[in-house]
Amino acid sequence: MKRYELVTADALRWMRRQGDDAVDFTIGSPPYAGKGERYVGRPTKWNLESWVEFMREVVVESVLISRRQVVFVMNGFVRKGCYHPAVERLLVVLYEQHPEVGIERPVIWHKNPPPSRKDWLGNNWEFCAAFHSQPNDRVFNWEAIAEPRKFKAGGAFRQRDSKGRRPLKCSSDDCDWCD
């Protein structure tokens, strides 16, 4: 029988008590940069660099204790109408200072939040940043998740409607893509 455990603790203190490769997988949603006032025992407000330094330590410790992937869902912040690229800065710092940490290409989690700003478009996505120890021995088997193509390759590009049909006709007489 597999055993799962959910741990709620100060991340750095808890991880530093673990040995290397102590957990299978780490996933988390760290405190938002620029919003430290929400978290007990943290600075009143994290600026970009203090958040990056905190998360640099968290990521490095997470990679040390994890046998597999480490994934964090996180975002930068907006203050006084200016975006602060905290996650982007964290990735650069890790890349420059920690070659032992493998950084995956970030992906986006698309969420469906209510509008959050009156002066600009709202934030409806967050980074999913993934890390691993070097060297990486994982193998991606695309055939294990592949599905048959829904449409043939080629033809003129057109946007499809919700049923997969192309509403615009091609100029080509021999196009079998158009309805």
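**Figure 1. Thr 26 is a buried residue, with a relative accessible area of 13%.** This close-up, like the others here, comes from a predicted model. Thr 26 sits in strand 1. Set aside residues up to four places away in sequence, and Thr 26 touches Ser 62, Ser 66, Gln 69, Val 70 and Val 71. Thr 26 also turns up in the next view, as one of the residues nearest the centre of the largest pocket.

**Figure 2. The largest pocket takes up about 1,100 Å³.** Its lining is made of 32 residues, and Val 7, Trp 14, Phe 25, Thr 26 and Ile 27 are the ones nearest the centre. Helix 1 (11–16), strand 1 (26–28) and helix 2 (48–65) are the elements that give two or more residues to this lining. Helix 2 gives the largest share, with five residues. Sort the lining of the largest pocket by class and you get 20 nonpolar, five polar and seven charged residues.

**Figure 3. The second largest pocket holds about 510 Å³ of space.** Here 20 residues do the lining, and Asn 75, Gly 76, Val 78, Ser 116 and Asn 123 come closest to the centre. Two or more lining residues come from each of strand 3 (77–79) and strand 7 (125–133). The class count for the second largest pocket is nine nonpolar, six polar and five charged residues.

**Figure 4. Strand 7 is largely enclosed by the rest of the structure, because seven of its nine residues are buried.** Several other strands pair with strand 7, so let's take them in turn. Strand 2 (residues 70–74) runs antiparallel to strand 7, and five bridges link the two. Within strand 7, Phe 127 is the residue opposite Met 74. Strand 6 (residues 107–110) is antiparallel to strand 7 as well, with four bridges between them. Phe 127 is again involved, this time as the bridge partner of Ile 108. Strand 5 (residues 101–103) joins strand 7 through three bridges, also in the antiparallel sense. For that pairing, look for Val 101, whose bridge partner in strand 7 is Ser 133.

**Figure 5. The largest nonpolar core brings together 29 residues.** Those with the most contacts inside the core are Trp 51, Met 55, Val 59, Phe 72, Met 74, Leu 90 and Phe 131. Helix 1, helix 2, strand 2, helix 3 (86–97) and strand 7 each give two or more residues to this core. The largest share belongs to helix 2, with ten residues. Nonpolar side chains tend to be buried together in soluble globular proteins. Val 59 makes a handy place to start looking around: leaving out neighbours within four places in sequence, Val 59 is in contact with Phe 72, Leu 90, Leu 94, Val 101 and Phe 131.

Figure 6. With a relative accessible area of 2%, Ile 65 falls under the 20% cut-off, so Ile 65 counts as buried. Neighbours within four places in sequence aside, Ile 65 is in contact with Trp 14, Met 15, Gln 18, Gly 19, Asp 20, Asp 21, Ala 22 and Val 23. Trp 14 in that list is also one of the residues nearest the centre of the largest pocket.

**Figure 7. Asp 21 and Lys 80 are residues other than glycine with a positive phi.** Phi is near 55 degrees for Asp 21, and near 55 degrees for Lys 80 too. Asp 21 belongs to the loop between helix 1 and strand 1, while Lys 80 belongs to the loop between strand 3 and strand 4 (82–84). Are these residues buried or exposed? Asp 21 is partly exposed, at a relative accessible area of 41%, and Lys 80 is exposed, at 83%. Asp 21 is also one of the contacts of Ile 65 in the previous view.

Key. Residues are numbered from 1 along each chain as its sequence is written. This is a predicted model: local features need pLDDT of at least 70, side-chain atom pairs count only at pLDDT 80 or more; totals for chains, interfaces and linings use all residues. Side-chain values use heavy atoms; hydrogens and water are left out. On a 1 Å grid over the protein atoms alone, a cavity is a set of points where a 1.4 Å probe fits but cannot get out, and a pocket is an open set with protein on both sides within 12 Å along at least five of seven lines; lining residues have an atom within 4 Å of a point. Grid points are joined across faces, edges and corners, and a volume is the space filled by probe spheres set on the points. Ala, Val, Leu, Ile, Met, Phe, Trp, Tyr, Cys and Pro count as nonpolar, Asp, Glu, Lys and Arg as charged, and the others, Gly among them, as polar. Buried means under 20% relative accessible area, exposed over 50%, partly exposed in between (1.4 Å probe, protein chains only). Contact means heavy atoms within 4.5 Å. A nonpolar core is a set of buried Ala, Val, Leu, Ile, Met, Phe, Trp, Tyr and Cys residues joined through side-chain atoms within 4.5 Å.
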